[in-house]
Amino acid sequence: MVGIDRINYYTPRTYLDMTTLAEARGVDPNKYIKGIGQEQMAVLGEHEDIITMAAEAAAPILDDKDAIDLIVFATESGVDFSKAASIYLQHLLEIPNPVRAIEMKQACYALTSGLHLATDFVKSHPGKKALVVSSDIAWYGFETAGEVTQGAGAIAIIVAENPRIARVNSGVPYTEDVPDFYRPNTSDVPIVDGKFSIDCYNKALIETFPKHTYKYVGFHMPFAKMADKANRILEEFAISDDALTCVKSYSKTIGNIYNGSLYLALIGILTHADDLSGETIGMFSYGSGSIGEFFTLDIVEGYDNYMDTDAWQTHLTSRHALDMKGYEQAMNAFMAREKMHDYAYQDRAPEQATYVLSAIRNGHREYQKR
Ligand code: HMG
């Protein structure tokens, strides 16, 4: 049996409240809070990028570095066309050099693909483990329709034999070439047909859902209300309102973290559901462009001894709210930095930050562990 041995998430320590954004945009706050389902969204700190976020998520669960034989880094916010983000991560986390390290891309679906790849890899390499991470910055731009569906964050998963959290079962995929959301090399932000993208998501769910009743289904959540829309499609197989509340609990205050969004739903279920030992959980993954996959996880007895739900909750509640000026400053700094060939981080990062992007020299990134 192979699957999720440990799981953790990270999101930046600063966020924007949706009421603040709505007031600045002249929109009824209920549109964002009730219509979109978002209360807050995470905003990237100036000291961080996708590699530092992935390191923050992975470090607390990386207790057996010598056994890691594969690192898969799923992202659609890549920092280099050639070099895999996983190589920066391997260095920063001091994972021994005899390891394979790759980056995977397919919009928000790549982490699911990476999880299945790692599961098969561990099955064929007995005794070895894989580190599978996602890290993304969902950035649509100021005053766009997608602005309210932004966010940032990372997921880290250790895949191993005899997993202590969940066995991963293979699923049903559905691939269709559609122009719902894509980011060509010429663009800093995605080109999005919002309403059509929701139709594509729904179609992929209908094509892959096995018409079976699950107590919990984790949905990919580009915004929290998407889980309600998707759940309605399941008709008589829909999960309960209480289950849906667990599913949305993290996403509604973090926003879209692209690849990791489905796994925030899982973290919400693991945090808030009553004993899940022996339960099979449904998981619907969707990445625009598009691929949908419905698969399942069998939760292992004693799983709750291997998750720090108090730390997960405290991380969320101890974040710091930004005003509009702070949000604009952070995202302008992010956009400017991503185009810099040479950069040195000047300010002091928050004291809780363990990993910092310290410099970019000749296009190559440098990091500090504190
Ligand atoms: P919009 O045009 O701003 O919103 O776009 P709207 O006018 O459709 O309103 C949204 C909802 O708010 C509606 O409810 C309104 O009725 C309601 P619905 O009809 O959906 O049930 N509303 C109100 N409710 C209460 N009080 C009010 C009020 N006013 C309106 N006063 C959209 C929304 C999500 C399309 C936009 O934000 C967007 O384009 N976002 C980005 C794309 C996206 O998230 N797509 C989702 C599916 S694709 C996907 O999941 C993949 C993705 O993660 C990328 C990847 O794979 O890499 C995005």
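Axes here are lines fitted to C-alpha atoms, for helices over the stretch in contact, and angles run from 0 to 180 degrees between N-to-C directions. Helices (H or I, at least four residues) and strands (E, at least two) are DSSP runs numbered from the N terminus. The model is predicted, so that local features need pLDDT of at least 70 and side-chain atom pairs count only at pLDDT 80 or more, while totals for chains, interfaces and linings use all residues. Residues are numbered from 1 along each chain as its sequence is written, and side-chain values use heavy atoms, with hydrogens and water left out.

**View A. Helices α10 and α11.** Helix α10 (residues 261-272) packs against helix α11 (residues 309-317) at an angle of about 120°, the axes being 10 Å apart. The two are therefore oblique to each other, given that angles under 35 degrees count as roughly parallel, over 145 as roughly antiparallel, 65 to 115 as roughly perpendicular and the rest as oblique. Ile-267, Leu-270, Thr-271 and His-272 of α10 meet Thr-309, Trp-312 and Gln-313 of α11, where contact means heavy atoms within 4.5 Å. These contact residues divide into 3 nonpolar, 4 polar and no charged (Ala, Val, Leu, Ile, Met, Phe, Trp, Tyr, Cys and Pro count as nonpolar, Asp, Glu, Lys and Arg as charged, and the others, Gly among them, as polar).

**View B. Helices α6 and α7.** The axes of helix α6 (residues 194-208) and helix α7 (residues 225-233) come within 10 Å and cross at roughly 40°, and the pair is therefore oblique. On the α6 side, Ile-198, Tyr-201, Asn-202, Leu-205 and Ile-206 meet Met-226, Lys-229, Ala-230 and Ile-233 of α7. By class, this contact has 7 nonpolar, 1 polar and 1 charged residues.

**View C. Helices α1 and α12.** Helix α1 (residues 18-25) and helix α12 (residues 324-337) pack with their axes 10 Å apart and at an angle of about 90°, which makes α1 roughly perpendicular to α12. Thr-20, Leu-21, Ala-24 and Arg-25 in α1 meet Met-324, Tyr-327 and Glu-328 in α12.

**View D. The boundary between the domains.** The protein chain is divided into domain 1 (2-164 + 307-369) and domain 2 (167-303), with bounds that come from an automatic or database domain assignment. In this view, 55 residues of domain 1 are in contact with 48 residues of domain 2. The area buried between the domains is about 4000 Å², of which carbon and sulfur atoms give 60%; buried area is the accessible area (1.4 Å probe) that two parts lose on being put together, summed over both.
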